[in-house]
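Here is a friendly set of questions and answers to work through with the model open beside you. Have a look at the structure, then read on.

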Amino acid sequence: MAVGGLLRGLVSPAGGVAAWLPCHELFASWHHWLPSLPRLRPPASDGFKLLLVLLLFSAALAEVRYIASSSMVPTLRPGDRAVAEKVTYLFRRPSIGDIVFFKVPTAVQNYGVNKDVVFIKRVLATPGDFIEVRQGQLIVNGVAQKEHYTATHALYTMEAMGF
């Protein structure tokens with residue numbers, strides 16, 4: 001089709017813009033050819049495919065975890081469910097105060113913990129920080145931390161260690 005023919009189809013004879021594309025004559029008689037189109041698949045299959053895609057997509061973005069221990073009380077209690085989203089840490093590192101979900105480290109597996117166990121912990125320090133516990137008080141880089149999210153203070157002491 002020549003460019004002039006395309007432009008003539010887009011412009012109405014009165015000089016205004018036509019309401020349809022150049023092939024509007026074909027669509028003007030849609031009632032003649034629409035009923036003859038074969039149905040290619042049952043309508044329920046589209047809904048099933050959409051549900052399947054949504055489930056796979058959501059599983060790639062987040063997962064629901066059951067809280068089994070009291071190590072995160074009072075923030076998370078045994079029996080609670082938490083949603084672990086999987087996208088944030090692709091773009092940034094964990095920050096102090098974040099709650100993270102991670103598979104059990106190999107060093108802990110050597111003590112008999114199942115490799116399928118998922119730990120849920122709060123980030124207290126980042127690489128390069130020094131942490132210690134004195135008289136139940138968490139100290140990061142020599143500064144005592146106010147831990148408003150703990151139930152009670154620890155009853156142990158831990159010497160400073162760097163990460």
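Q: Which residues does Val100 contact, leaving aside its neighbours within four places in sequence?
A: Contact here means heavy atoms within 4.5 Å. Val100 is placed in strand β3, where strands (E, at least two residues) and helices (H or I, at least four) are DSSP runs numbered from the N terminus. With neighbours within four places in sequence set aside, the contacts of Val100 are Tyr89, Pro94, Phe119, Ile120, Lys121 and Val123.

Q: What kind of model is this, and what is the average pLDDT of the protein chain?
A: This is a predicted model, in which local features need pLDDT of at least 70 and side-chain atom pairs count only at pLDDT 80 or more, while totals for chains, interfaces and linings use all residues. Residues are numbered from 1 along each chain as its sequence is written, and side-chain values use heavy atoms, with hydrogens and water left out. The pLDDT is the predictor's confidence in each residue, from 0 to 100. In the protein chain 66% of the residues score at least 70, and the average is 76.

Q: What pattern does the protein chain follow along the sequence?
A: The protein chain holds six helices and eight strands. Read along the sequence, they follow the pattern α-α-α-α-β-β-α-β-α-β-β-β-β-β.

Q: Is Val100 buried or exposed, and at what relative accessibility?
A: Buried means under 20% relative accessible area, exposed over 50%, and partly exposed in between (1.4 Å probe, protein chains only). Of the 163 residues of the protein chain, 15% count as buried. Val100 counts as buried, with a relative accessibility of 14%.

Q: Which residues make up the largest nonpolar core?
A: In soluble globular proteins, nonpolar side chains tend to be buried together. A nonpolar core is a set of buried Ala, Val, Leu, Ile, Met, Phe, Trp, Tyr and Cys residues joined through side-chain atoms within 4.5 Å. The contacts of Ile120, leaving aside neighbours within four places in sequence, include Ile67, Met72 and Leu76. The largest nonpolar core has five residues: Ile67, Met72, Leu76, Ala82 and Ile120.

Q: How are the rings of Phe102 and Phe119 arranged?
A: The structure holds one aromatic pair; rings of Phe, Tyr and Trp (its six-membered ring) pair if their centres lie within 6.5 Å, with planes under 30 degrees apart counted as stacked, over 60 as edge-to-face and the rest as tilted. Phe102 lies in strand β3 (residues 99-103) and Phe119 in strand β4 (residues 118-122), so the pair ties together parts that are 17 residues apart in sequence. The centres of the two rings are 5.7 Å apart and the planes stand at 85°, so the arrangement is edge-to-face.

Q: Which residue lies over the face of Phe119?
A: A charge sits over a ring if NZ of Lys or CZ of Arg is within 6 Å of the ring centre and within 35 degrees of the ring normal. Phe119 is partly exposed, with a relative accessible area of 22%. At 5.8 Å from the ring centre, the residue over the face of Phe119 is Lys121.

Q: Which residues does the UniProt annotation "active site" cover?
A: The annotation comes from an unreviewed UniProt entry; positions are given in the numbering used here, feature names are shortened, and annotations may be inferred rather than shown by experiment. Ser71 lies in the loop between β1 and β2 and touches Ile120 and Lys121, not counting residues up to four places away in sequence.

Q: Which peptide bond is cis?
A: Pro74 lies in the loop between β1 (62-66) and β2 (81-85). With omega near 10°, the cis peptide bond runs from Val73 to Pro74.

Q: What is the phi of Asn141?
A: Asn141 is in the loop between β6 (137-140) and β7 (143-144). Asn141 is partly exposed, with a relative accessible area of 43%. Its phi is positive, in a residue other than glycine, and lies near 55°.
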